[in-house]
Amino acid sequence: MSLAKITQVTGRAVYVPGNDIDTDRIIPARFMKCVSFDGLGQYLFYDVRHTPDDKPTGHPIDKPEHKGATVMLSGANFGCGSSREHAPQAIHKAGFRAIIAENFAEIFFGNSTTLGIPCVNAKHEDIAKVAAAIEANPQLEVTVDVEHLEVRFGDQKIPITMRESAREGLVAGRWDAIGELLEAKDATAALAAKFPYMTAS
Amino acid sequence: MPKTLFQKVWEAHAVRKLSSGHTQLLVDTHLLHEVTSPQAFGMLRDLNLKVAMPHRTFATVDHIIPTNPGACEPFADPLAQAMMDAIRKNCQDNGIVFFDRATGKQGVIHIIAPEQGITQPGMTIACGDSHTSTHGAFGAISFGIGTTQIRDILATQTMAISPLKVRRVEVNGKLGRGVYAKDVILHIIRTLGVNGGTGYAYEFAGEVLDNMSMEERMTVCNMSIEGGARVGYVNPDETTFAYLKDRPYAPKGAAWDEAVARWKACASDPGCAYDDVVKIDAADIAPTVTWGINPAEGISINENIPDPATAATAEEKAEIEEALAYMKFTPGAPIKGTKIDVAFLGSCTNGRLTDFQEVAKHIKGKKVAPGIRALAVPGSQGVAVLCRELGIDQVFKDAGFEWRDAGCSMCLAMNPDKLVGDQVSASSSNRNFKGRQGSPTGRTILMSPLMVAAAAIAGHVADAREVFPAANN
């Protein structure tokens, strides 16, 4: 299976402040009643973007100047909570192609990179620099350079980090493992044969 | 060289190293439910792939199932019915065992896999649900995964994943009166943080864990993920083996003896090296309740709700303020006495037989306070049958609880059981996130089952040791 190499993502950015933004907040459970991921984008952060009587709250994502943003900025422990892939899928379907945060919850990180969404870590103060720059100029293009581990915006740049195996997978176009996993059919069967319960009875 | 259980199980299941640096790991047992699997079957069909090992794949329906007794299909909610139809068809088409309601074995996936003896020590287990960590109670390495990984396992019985560091979390001493497994894990998460376990598997150990029943160990491992640890486990011992003996999917005869020998050998070796060790004194653990919007925001029943004015950093202050604004609680006020609207007893954390047994012992002759909606939801049809045989369901009904059918129910409220408006719920479930129990403004206070019962009877957050003077362990 050939995949695009994801070396960098460039686009306008939006800052969604807060720590411990959990998967229930990213996509409330009631919108998970679906048998496909299509259409999840509209429910991204639904309860934060809408009042209980369904009026817009003026969330950063809904501000006209951020329409079409492809890079999301946030705080620490982004994506904590459930393993639901609905969360990164909603982010992806809403048009986001990279997330910059202080750090990510484990399962969310794995789910996102498997979809080809780079999740990169930056320091709190560095994220604040990017946030200030886009606040001053929402049209500013932000480049998340996965290959060289930096984020460039205007005439500034900040360092980022990312788990090497995930970075390598994106840059080499191997972020979705299915092709490689399928190649090891015989080795898998041989290993499975060592466990008595793995044999079909 | 002495090794941890995690290392042994990992090494035994590593197929090979992938070019990305991840390990291709053999998954022994793949568990499915209706929320996260239909999209994976769709991906499989798109790629024209088959299920590699249907006999190692087990499915049930839990999240969307209505729990009102005797709910028939088609369900009132067409979306729920569509998900039901999809999992039923996907299992049928692919030869996967499906614990449908008619089998009498349906229930929350993390309750029925142990109950059926499918969950065994030394296994690798995966499921598209973060509370898969529950199965670690048996000394299995069990991962919550996303839907694309479900596709990977369906197609290959393997997944791409990197190993974790291991932190031993040792709880020593003796738990006080009215202190339960739920309090232990809420205390651990409060101590280590909601993010503290990222990158780690937690090995839960020490005298307290040694003395726990399997059901109590499941409660502790269940919430590993709430502390950021994807995996939590307890080394298998005689308690584990006794639980598994004669379960439907447990090995029988000579195979049983071989299995026990294998299970004993996978436990962490004496003297093995851990990446980190944390020791907790059981005497420091009190009945614990959450006051905020993540499971680490907990306090003991006799503490006061935090005051942002006393926060150490600006960030901490902002977090407390956000939580208090959502919960509509008064800074510095006692949590005890907080009025509740709903009491929920159930979920993959606390919907097991012993949870209902323990509560039933104490609520006999007592009544749920007027105006409180109290739900008791067994985690599986199996649990419901045992409760009925023991007369436990009647005890709950007599006390004024609604006794419901098996399912996830109001834990995340993907079924009709939901909070309304800004109702406050005393809940035995695992998450108090904003909107978690089905209302965007609903408020959840996590606590042990007996504390939920105490809140239901008092009508407000109460100390179970005071409401039930006989409460013990």
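A salt bridge, as the term is used here, is a side-chain nitrogen of Lys or Arg within 4 Å of a carboxyl oxygen of Asp or Glu. Keep that cut-off in mind for the first stop. The model on the screen is predicted.

**Stop 1: a salt bridge between the chains**

Select Arg151(B) and Asp176(A). Their closest N and O atoms are 2.5 Å apart, and the two residues form a salt bridge. Arg151(B) belongs to helix H5 (residues 147–156) of chain B, while Asp176(A) sits in the loop between H6 and H7 of chain A, so this pair joins two chains. Over all chains, the structure holds 43 salt bridges.

Next, select Glu183(A) and Arg16(B). Their side chains also meet in a salt bridge, at 3.9 Å from N to O. How many salt bridges does the rule find across the interface of chain A and chain B? There are 5.

**Stop 2: the interface**

Colour the two chains separately and look at where they touch. On one side are 52 residues of chain A, in contact with 72 residues of chain B. The area buried between chain A and chain B is about 5100 Å², and carbon and sulfur atoms give 60% of that area. Now select Lys33(A), Leu181(A) and Tyr197(A). In chain A, these residues lose the most area to chain B, and together they make up 15% of what that side buries.

Polar contacts can be counted as well: 23 residue pairs are in polar contact between chain A and chain B, with both residues at pLDDT 80 or more. Several helices of chain A each supply at least two residues of the side that touches chain B, among them helix H1 (23–26), helix H3 (86–93) and helix H4 (106–114). Which helix gives the most to that side? Select H7(A): H7(A) gives the most, with 5 residues.

**Stop 3: the sheet of chain A**

Hide chain B for now. In chain A, 7 strands form an open sheet in the order E4-E3-E2-E1-E5-E6-E7, with mixed pairing. To find its edges, select strand E4 (119–121) and strand E7 (156–159) of chain A, each of which pairs on one side only. Neighbouring strands of this sheet are turned by 30° against each other on average, ignoring direction.

Move to strand E3 (residues 98–101) of chain A, which pairs with E4(A) in the parallel sense over 3 bridges. Within this pairing, select Ala101(A) and look across to Asn121(A) in E4(A), which stands opposite.

**Stop 4**

Select residues 5–117 of chain A. In an unreviewed entry, UniProt places the feature "domain: Aconitase A/isopropylmalate dehydratase small subunit swivel" there. Over these residues the chain is 22% helix and 13% strand, and the end C-alpha atoms are 12 Å apart.

Then select Asp54(A), in the loop between helix H2 (46–49) and strand E2 (71–73) of chain A. Is the phi of Asp54(A) positive or negative? The phi of Asp54(A) is near 70°, a positive value in a residue other than glycine. Most residues other than glycine have a negative phi, and most peptide bonds are trans.

**Stop 5: chain B**

Show chain B again and select Glu73(B) and Pro74(B). The peptide bond from Glu73(B) to Pro74(B) is cis, with omega near -5°. Pro74(B) is in the loop between strand E4 (57–60) and helix H3 (78–94) of chain B.

Finish at the open sheet of 5 strands in chain B, which has the order E17-E16-E15-E18-E19 and parallel pairing. Its edge strands are strand E17 (402–403) and strand E19 (443–446) of chain B. Strand E16 (residues 373–376) of chain B is joined to E17(B) by 2 bridges, and Ala376(B) stands opposite Trp403(B) in E17(B). Last, select helix H16 (residues 449–458) of chain B, which lies across strand E15 (342–345), E16 and strand E18 (424–427) and runs at about 155° to E15(B).

Terms used. Residues are numbered from 1 along each chain as its sequence is written. Chains are lettered from A and ligands numbered from 1 in the order in which they are written. Side-chain values use heavy atoms; hydrogens and water are left out. UniProt positions are given in the numbering used here, feature names are shortened, and annotations may be inferred rather than shown by experiment. Helices (H or I, at least four residues) and strands (E, at least two) are DSSP runs, numbered from the N terminus. Two strands pair if DSSP finds at least two bridges between them. Axes are lines fitted to C-alpha atoms, for helices over the stretch in contact, and angles run from 0 to 180 degrees between N-to-C directions. Contact means heavy atoms within 4.5 Å. Buried area is the accessible area (1.4 Å probe) that two parts lose on being put together, summed over both. A polar contact is a pair of N or O atoms within 3.5 Å; within protein, one must be able to donate a hydrogen and the other to accept it, and residues adjacent in sequence count only if both atoms are side-chain atoms.
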